[in-house]
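Grab a pencil and get ready to look closely at a protein model. Try each task yourself before you read its solution.

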Amino acid sequence: TMRIIKFLPEHIKQIALQPHQESAEIYNHDYSGLVNDAWTLLDNNNSPVFIGGFYQIWNNRQVCWCLLSYDSGKHFTRIIRAVKKELANRVGRIECYVSPEFTQGHRSAKLLGFTCEAEYMSGFHANGEAAAMYSIVI
């Protein structure tokens, strides 16, 4: 059975990322500061299929982030349910950023209740890639 556990940085090395997130930067990023407000969804084989969480920018403003495995689509309903549950415990503005070409990411953001505020922000990420910005105020 699938289960949700507290996120640990070593989960990053264990997840087989979906193509839109595959990059050395993701694997080399320091996630130690995110462990207090993040979780990992494990499949029946105890392999991470979703890692996600929130980090606070300032009071009443947070960013929702996630990493998805290449086969996360078959767990889509469970993932959306888990994120909605976490969103229900939040207050304030929450943002998420999606690659402009990642159709499933846009669909997921909308299913979670986010609204697109910026369709294309050039050079948004540290590696120079663009992003779309979604937000929700709870």
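This is a predicted model: local features need pLDDT of at least 70, side-chain atom pairs count only at pLDDT 80 or more; totals for chains, interfaces and linings use all residues.

Residues are numbered from 1 along each chain as its sequence is written, and side-chain values use heavy atoms, with hydrogens and water left out.

**Exercise 1.** Work out which residues of helix α3 are buried and where they sit around the axis.

Step 1: Find the helix. α3 covers residues 76-87 and spans 16 Å from first to last C-alpha, close to the 16 Å expected at 1.5 Å a residue. (Helices are DSSP runs of H or I, at least four residues, and strands are runs of E, at least two, numbered from the N terminus; the expected span is 1.5 Å times one less than the number of residues.)

Step 2: List the buried ones. They're I79, I80, A82, V83 and L87. (Buried means under 20% relative accessible area, exposed over 50%, partly exposed in between, with a 1.4 Å probe and protein chains only.)

Step 3: Check the arc. These residues cover only 160° around the axis, so they lie on the same side of α3. (The arc uses directions from the helix axis to the C-beta atoms.)

**Exercise 2.** Decide whether W58 is buried or exposed.

Step 1: Locate W58 in strand β3.

Step 2: With a relative accessible area of 51%, W58 counts as exposed.
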